[in-house]
Amino acid sequence: MTKCRMVQRSTTVTLAEQYEAATGGAAMFDVSDRALIEVTGSDRAAFLHNFCTNDVKKLRPGEGCEAFVTSEKGRILGHVLLFAEEESLWIDSDPGTESSLLEHFNRYVITEDVEFADRTSSDFRYFVCGSQTPAVLLDAFATAVAETAMCGRASMNAEQTIRRTPLAPNGGWLISTPQDGSTIAATMQASGAAPADRDVLEVLRIEAVWPRYGVDITDANIAQEAGRTAQAISFTKGCYLGQEPIARLDALGHTNRELRGIRLETPGEVAAGATVLDAAGAADVGKITSVAVHPVTNCPVALAMLKTAANAPQTPVLVETADGERINGVVFGAPTST
């Protein structure tokens with residue numbers, strides 16, 4: 001299937017208005033480029049359980065979880081959402097990661113009854129978020145989603161599947177459809193969802209402290225450094241590839257660095273790789289990994305890999321700009337969505 005982006009930037013609606021819709025209303029983003037892999041076969045759950053940090057075996061149809069795919073050294077090879085269905089498991093991940101994930105998993109298949117299929121180009125997908133989204137989806141699809149657990153499925157039929165995902169600060173809903181994407185988009189828009197630009201989604205991603213693989217986290221990071229331990233790592237599930245170093249680090253009590261968000265208090269040109277200093281400007285405490293300009297405040301909001309001494313929420317820091325100035329910022333962590 002050849003895809004096109006059905007949700008385009010509005011020429012009359014500002015990014016600030018789109019952001020307001022994505023928080024206080026309902027906004028939809030075309031995310032059809034996200035990696036999507038279908039896993040089938042009778043050994044699918046047991047196999048993935050052995051290569052992911054979360055408890056895959058306990059998932060029942062309609063349930064899901066967040067997890068890391070790790071190397072034998074506990075280093076991050078992928079950051080994924082896993083969705084269980086009656087006859088399959090689905091892996092959702094960052095755009096462009098499908099090939100490396102497939103290569104990694106297939107390397108370990110010997111006699112197991114498990115097959116992996118790249119479905120990235122099969123479905124149109126939209127992420128919808130904002131406080132009014134449950135009402136919009138109820139009107140659009142006659143589906144109640146408000147009580148859906150994180151990573152759980154609200155509904156599935158021949159036209160669309162609706163799952164709750166943590167891609168924004170208060171979560172949102174991932175709508176997948178094998179049909180013409182414009183039909184689903186038009187239905188949601190008629191019910192009150194505003195088309196929004198991916199620049200706004202990038203701000204929401206940073207505010208959710210949701211790492212992008214290859215940008216904020218890589219195979220140089222051990223799983224806990226992503227700052228998603230509570231959501232994505234089980235310490236009771238038993239053995240899996242990378243479990244020993246991850247458990248050993250947990251026993252030590254903390255990492256030396258973790259991913260956090262930083263809200264900058266004034267406008268300024270900040271780029272990935274910029275140095276983060278302590279509030280006194282005396283010590284280098286980390287590096288910016290992602291940055292976007294907030295459409296409402298016009299100030300940068302960023303993700304950074306920060307040393308333990310400076311990564312507690314509300315910690316004041318300084319961030320160096322491209323012209324050598326230093327901007328005051330405040331650290332924040334991932335919201336606790338349920």
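The largest cavity is lined by Val31, Asp33, Arg34, Asp94, Pro95, Leu167, Arg198, Leu201, Glu202, Arg205, Trp210 and Arg212, where a cavity is a set of points, on a 1 Å grid over the protein atoms alone, at which a 1.4 Å probe fits but cannot get out, and lining residues have an atom within 4 Å of a point. The model is predicted, so that local features need pLDDT of at least 70 and side-chain atom pairs count only at pLDDT 80 or more, while totals for chains, interfaces and linings use all residues. Residues are numbered from 1 along each chain as its sequence is written, and side-chain values use heavy atoms, with hydrogens and water left out.

About 150 Å³ of space lies in this largest cavity, and a search of the whole structure finds 1 cavity of 30 Å³ or more; the volume is the space filled by probe spheres set on grid points that are joined across faces, edges and corners.

An open sheet is formed by 6 strands in the order E8-E9-E10-E7-E1-E11, with mixed pairing; strands (E, at least two residues) and helices (H or I, at least four) are DSSP runs numbered from the N terminus, and two strands pair if DSSP finds at least two bridges between them. The edge strands, E8 (153–156) and E11 (194–195), each pair on one side only. Strand E1 (residues 27–30) runs parallel to E11 and is joined to it by 2 bridges, and Ala27 has Ala194 in E11 as its bridge partner.

Two helices lie across strands of this sheet, as tabulated here. Contact means heavy atoms within 4.5 Å, and the angles, from 0 to 180 degrees between N-to-C directions, relate axes that are lines fitted to C-alpha atoms, for helices over the stretch in contact.

| Helix | Strands crossed | Angle |

Ser182 lies in helix H5 (residues 181–190) and counts as partly exposed at 25% relative accessibility, the class between buried (under 20% relative accessible area) and exposed (over 50%), with a 1.4 Å probe and protein chains only. Ser182 and Phe124 are 58 residues apart in sequence, yet 9.0 Å apart in space, C-alpha to C-alpha.

A search of the whole structure finds 0 disulfides, a disulfide being a pair of cysteine sulfur atoms within 2.5 Å. Cys52 is in none, and the nearest cysteine sulfur, that of Cys65, is 7.3 Å away. Cys52 is buried at 0% relative accessibility, and Cys299 is buried with a relative accessible area of 9%.

Key
1 Å grid on protein atoms, 1.4 Å probe; cavity = no way out; pocket = protein on both sides within 12 Å on 5 of 7 lines; lining within 4 Å.
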